[in-house]
Amino acid sequence: MPRTTDGDGTPVPQRLLAAATRLFAEQGYDRTSVQEIVEAAGVTKGALYHYFGSKDDLLHEVYARVLRVQQERLDAFANADEPIEKRLRGAAADVVVTTIENLDDAMIFFRSMHHLSPEKNKQVRAERRRYHERFRALIEEGQRTGVFSTATPADLVVDYHFGSVHHLSTWYRPDGPMGAQEVADHLADLLLRALRP
């Protein structure tokens, strides 16, 4: 039976994900071997296959763990007892911050999504669609109640915002001139200005 933790108590699945994330970011998914991942994590191939069925499963989990956090946070914003403008702004800024906080994961995913099996690819698309639909519902709520303009279809507004979010991994640098929250505030403000009646 594989050990579940290392000397400092880090569970093996987290060690494997951390090693895979670092190696996929540095070398690319297709140029990283399972052997390199297990050596970097300090475990055996048996341990990897105990927790993940394949390298494909690791790639999927790199993205899924971020999306799970983002979905939970979006649901909290959407369900809050706040005006729609405040809920949408909070959700729009939060997805920027959580993407920047997980920039390697985002970069790996958008660079390597095509390596996923058709089944995993379909699953990821469904998870992303669920997130985007929940975000779009906030925009539609504001449009329906007259808080937001209906001049631009909600689908296009969603694509506009998430195009910016998905592009972060190509230009954002933690040591750059703007911090994560500052970028998030600018992008959220741009979104709300686009929706002003």
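This is a predicted model: local features need pLDDT of at least 70, side-chain atom pairs count only at pLDDT 80 or more; totals for chains, interfaces and linings use all residues.
**Stop 1: the cavity.** The structure holds one cavity of 30 Å³ or more, and the space in the largest cavity comes to about 170 Å³. Now select Y63, Q70, T99, F110 and H166: of the 16 lining residues, these lie nearest the cavity's centre.

**Stop 2: the helices around the cavity.** Next, colour α4 (55-79), α5 (84-101), α6 (103-112), α7 (118-144) and α8 (154-171), each of which supplies at least two residues of the lining. Which helix gives the most to the lining? That is α4, with four residues. If you colour the lining by class, you will find nine nonpolar, five polar and two charged residues.

**Stop 3: the annotated segment.** Select residues 33-52, which an unreviewed UniProt entry annotates as "DNA-binding region". The span is 75% helix and 0% strand.

**Stop 4: R87.** Move on to helix α5 and select R87 there. Is R87 buried or exposed? R87 counts as buried because its relative accessibility is 8%, and the cut-off for buried is under 20%. Follow its side chain to the backbone oxygen of A78, which the side chain of R87 reaches at 2.9 Å. To finish, display the residues R87 touches, leaving aside those up to four places away in sequence: F77, A78, A80, E82, L138 and E141.

Conventions. Residues are numbered from 1 along each chain as its sequence is written. Side-chain values use heavy atoms; hydrogens and water are left out. On a 1 Å grid over the protein atoms alone, a cavity is a set of points where a 1.4 Å probe fits but cannot get out, and a pocket is an open set with protein on both sides within 12 Å along at least five of seven lines; lining residues have an atom within 4 Å of a point. Grid points are joined across faces, edges and corners, and a volume is the space filled by probe spheres set on the points. Ala, Val, Leu, Ile, Met, Phe, Trp, Tyr, Cys and Pro count as nonpolar, Asp, Glu, Lys and Arg as charged, and the others, Gly among them, as polar. UniProt positions are given in the numbering used here, feature names are shortened, and annotations may be inferred rather than shown by experiment. Buried means under 20% relative accessible area, exposed over 50%, partly exposed in between (1.4 Å probe, protein chains only). A polar contact is a pair of N or O atoms within 3.5 Å; within protein, one must be able to donate a hydrogen and the other to accept it, and residues adjacent in sequence count only if both atoms are side-chain atoms. Contact means heavy atoms within 4.5 Å.
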